[in-house]
Amino acid sequence: MALLEFDDVSITYHSRGVDVPAVRGVTLSVAAGETLGIAGESGCGKSTLTSTVLRMQPKSATVTGEVRLNGRNVLTLPWGQVRALRWAEASMVFQGAMHALNPVQRVGDQLAEPLVLHNRVSASKAAVRVSELLEMVGLPARSARVYPHQLSGGQKQRVMIAMALACEPQLIVADEPTTALDVMVQAQVLDVLQGLVRELGVGLVFISHDLSVLSTTCDRIAVMYAGRVVEEGPAADVFDHPQHPYATALAGAFPRVGDTRYRYAPSGLPGDPPFPGDLPVGCPFHPRCPGAMDECRMAEPPLLQIGDRRSACLRVHSTGERS
Amino acid sequence: MSTSEIHDNPARLSPRGIVRMRRRAALHKFTRSFRHSPSGMVGLCLLGVFVVVAVAAPLVFPRSALDVTQAIANPFQPPSWDYPLGTDDSGRSVLALVVWGARISLLVGLAATVLSMVIGTTVGISSGHFRGWTGGALDRVTDWFLVIPYLPLAIVLATVLGRSMLNIIIVIGVTSWPGTARLIRAQTLSVEGRPYLERAKALGAGHYHQMTRHVLPNVTPLVLANTTLAVSISILSETTLSFLGLGDPDNVSWGSILEQGFQAGAISQGAWWYLGAPGVCVVLVVLAFNLIGRAVEGILDPRAAGR
Amino acid sequence: MSLDERRPAALEARGLEVAFRGRGGGGTAWAVDGVDLALGHGEIVALVGESGCGKTTLARALLGLQRPASGQVLVDGAPLGYRGKELKAYRRRAQLVLQDPTGALNPRHTVYEAVAEGLRVHGIVQDEEARVAEALSLAGLRPPERFYLRYPHELSGGQRQRVVIAGALVLKPDVIVADEPVSSLDASVRGEILALLLRLRDELGLSLLVVTHDLGLAWNIADRVAVMYLGRIVEQGPTEELLTHPRHPYTRALLSVVPEMQRLEPVVLAGEPPDPTNIPTGCRFHPRCPVVASGEAARLGIEERCRTGELEILTVSPQHTSACHLAINEGM
């Protein structure tokens, strides 16, 4: 059984009497010890989708489908159980989490907070656990006594990861955990996350707009566009041989240094991502697609499984059938 | 002309025309939102009544109605058909006094507020924009004015400058700006940190350009909202100063009516109309400005509306 | 395109040092500590480094926004003056494009006003509209009239960055300094903006200094790359040579952690960049240098020099310099 399953999840926001579909029929799953990368640009629905895991979606949103964590549908659980599930079964590391630390409280006290709240452990036991957690993310145990402003950005992000680990969750959702960090610090944080998956066997959902980061850390990658998964498959395949033209563009946006094809040839897409409340008819990607055909303007292509990959592009479907 | 038309046919317009059209559109949008604010409209109507009364005062009551020597009615006469708000200690109609008083109270309130806003905004923007010595000095001056008890300073100034309407305006203006300056300075500092100021500097913009083109438009909503709230404080200040006998002796204002009534023993005479009429007027006008101020604040800064 | 020996560089830093006095007992921070860097006419140079290495301060100093403690900024071979008039004249020739286009545009100014601002600052009143229209078209916003009355919040991130670029182009500058021009943009828009910068160089002969932490971006558009570490340029050279055959251990480490470079064994440097108020003796990179840490430097007999000897910049090839003893020792 998969640790986390999104089963045909759709999320609609209601704003000023208009329905804005942020997520449209997403089916994905993550097993324990597996890393799933979700790639896409701002507004594609990736953060909205994962916010449902801890039932943190905005109140105004309507969610259909099922989000199952260990087989239980999170969307219909009573609130008491949802609170227990937060941190203890699944936890989140946010983008810009560096600002989520309380500036006037010592790092150790902030780390001990979820322990005391959820596991009801004594202060001395919590202190031992705090040093364990800090060690796990590669920080010295004495960091527990410092205040957040004494740490650098990368160190704060590692504290946030330690906090997410505090109650030994089975699943961690990391939403752009390395955005705004330097390459070297990013490499350090990615190292920590990969180590956790390897050693503790947690499931990791890693959200990023940077396909190259995902390709080094994830087992599988799902690419989202306009609220849907448009491509999904093993990480290396998706990055090296993307099928959907949008995945191709994302992969090309972060070029391989040394690859002469990208020298003096930055690749991008014309236009901008569509507004979720006003999607084009047919494939939502067709206005920006270099290979759009007439059929693409008629109906939205389904997400079809071909081998171990899924893709929502008519061109991919036709070549897949032929082979 | 709708906004889509503006977007489609701007080629015919000169840059100045574009700016004018945009301003008109912004004003239109503002008035539309204001009309949808019930409390703002109530305040505006209330204020409108007072303004009409103040402007029309000479048509309703001749100036001679204020002349003690020409008063024919009995003193301390309670409200009646002839004198809807009763008479004062010299037999003048209190209604006439209140109507004429509205002119001075509104004029002093508005003028003093404008003065206070100009000083406050100038000092606030300058102290936020010029770091270092100049800003520090302006800041200290603001602090200094802020901690001085306002009333004694106003009394001293009014005594030194003498009793006239202009002096009352100056006194209120120069004592009430520090709060505004503080507010504007804080907003200026947050605007100063924005990258578009860095961009303007890199374009070669001088201090004047930076302050007028970038800082001022971004603090204007705050200034406007603050102005309407400050008017009510100015009117109260005028009332206070006149009540203390520091007002213009040649003109009747709501404060001076209150002072005169108090001096003439209206309280011991039980002449409630004498003190009540100007008192209620002050409360209503202050309320009107506050209602308008809140509505303007809500429109210009949508985040504040929810509070 | 590369530096032409016969023509002075469009913009050059010579022995440039910028210091910030510490607050509350902190020592003086040498954000830029002796930088020599030249930007040729029509050249694109990428200035690469971690945050806090001084690359943004260097860019600001090159634009005259920051006065150097010592050293010179040379514009077309002539030293930049810091008097009001001289600076203002220089501002017409060198423009800045900032990282975050949302912040770089005043939310209360329309696109037209944002682009025309440069003209108004410099008192250019003739053909204002034609100039604005031309700049917008050059930046890829066509037809320009459609954008005049838009406010920044009505535009997408990519369009906003194009407006910022148009605002820089309207004064017909020779040099543009772009500080992380695409790092806050969506992935699919990045390439379009980079392509625009390349096209501007090709069509207008602009010189471009791109400040970035992204080596992929450098590979995409730069002619030359300069790598900065703790206030100093530690390696610079033509992009192909530097990024495929880096000489400095710091450049190698940076390259190895670029996620796309899976063929390299990642060298994740421990710790953060050291403090510019407390610069190590000798080679400033030695406390984090993997070559020193692994003992290889000792084996080559250069460790003592790494730790204490003041380091000069060594020439690897005519265009390629590296501030590392290894560069010579490897005997290339």
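## Exercises on a three-chain model

Over residues 102–293 of chain B, the chain is 85% helix and 0% strand, with its end C-alpha atoms 20 Å apart (helices are DSSP runs of H or I of at least four residues, strands are E runs of at least two, both numbered from the N terminus). This is a predicted model, where local features need pLDDT of at least 70, side-chain atom pairs count only at pLDDT 80 or more, and totals for chains, interfaces and linings use all residues. Residues are numbered from 1 along each chain as its sequence is written, while chains are lettered from A and ligands numbered from 1 in the order in which they are written.

**Exercise 1.** Find which pair of chains has the most contacts.

*Solution.* Start with the rule: two residues are in contact if their C-beta atoms, placed from the backbone, lie within 7 Å.
Next, rule out a pair: chains A and B do not touch, and their nearest C-alpha atoms are 15 Å apart.
Of the 2 pairs that do touch, A and C have the most contacts.

**Exercise 2.** Describe the side of chain A that touches chain C.

*Solution.* First, count: 35 residues of chain A are in contact with 34 residues of chain C.
Then look at the helices: helix 6, helix 7 (211–217) and helix 9 (245–253) of chain A each supply at least two residues to this side.
Helix 6 of chain A gives the most, with 5 residues.

**Exercise 3.** List what Val115(C) touches, skipping residues up to four places away in sequence.

*Solution.* Go along chain C: you'll meet Val132(C), Ala135(C) and Leu136(C), then Val163(C), Ala166(C), Gly167(C) and Val170(C).
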